[in-house]
Amino acid sequence: MKIIRNRFLPLKRFDAMNLFGVLFCHRDTRLTPELINHERIHTHQMLEMLVVGFYLWYVTEWLIRLFKRGNAYFNIGFEREAYRHMHDLEYLKNRKHFAWWKEMMKH
C-alpha cells in the first residue's frame, strides 16, 4: 500500500484516508499495524466492488444513515467490518467476499 503523508488529507478528525488503495495521512499520524490493516480491509472492499461501486455505495449508505439513530460514519457496513477486524492482522487471509454486507444488515 502506497502511503502519502501530507497536511491536507484526511480531515483533521481522521487518522488516515484510503483513496483508490493509496493511504493518505498527516505527517504526524502514527501508522500502527491495526490502522494499516483497517485500510487494507477497505482496499479489499473496493476491489470486490470494482472501486467505483465502493464509493457509490459508501456515500449512499452514509446519506441514508444520516437520518437514522447513531453515528452515520461508524454505522456504514464497510466501516463496521474494518473496525471490527482491524486488530486481527490475519483477517484478510480468511475474509469472505462481501463480508461487509453482513455488517450492514446487522444495523
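Helices are DSSP runs of H or I with at least four residues, numbered from the N terminus. The model is predicted, so local features need pLDDT of at least 70 and side-chain atom pairs count only at pLDDT 80 or more, while totals for chains, interfaces and linings use all residues. Residues are numbered from 1 along each chain as its sequence is written, and side-chain values use heavy atoms, with hydrogens and water left out.

Start with helix H2 (residues 52-65), where Phe 54 and Tyr 58 lie four residues apart, about one turn of the helix. A pair of aromatic rings is described by the distance of the centres and the angle of the planes. Rings of Phe, Tyr and Trp (its six-membered ring) pair if their centres lie within 6.5 Å; planes under 30 degrees apart are stacked, over 60 edge-to-face, and the rest tilted. The whole structure holds 14 such pairs. Phe 54 and Tyr 58 make a tilted one, with 5.7 Å between centres and 45 degrees between planes. Both residues also belong to an aromatic cluster that includes Phe 20, Trp 57 and Trp 100.

Buried means under 20% relative accessible area, exposed over 50%, and partly exposed in between (1.4 Å probe, protein chains only). Phe 54 is buried because its relative accessibility is 3%; Tyr 58, at 18%, is buried too.

Trp 100 leads on to helix H5 (residues 99-106), where Ala 99, Trp 100, Glu 103 and Met 104 are buried. These buried residues fall within an arc of 140 degrees seen down the axis, so they line one face of H5. The arc is taken from the directions from the helix axis to the C-beta atoms. On the other side of H5, Lys 102 and Met 105 are exposed.

Notes
Helix = DSSP H or I, 4+ residues; strand = E, 2+ residues; numbered from the N terminus.
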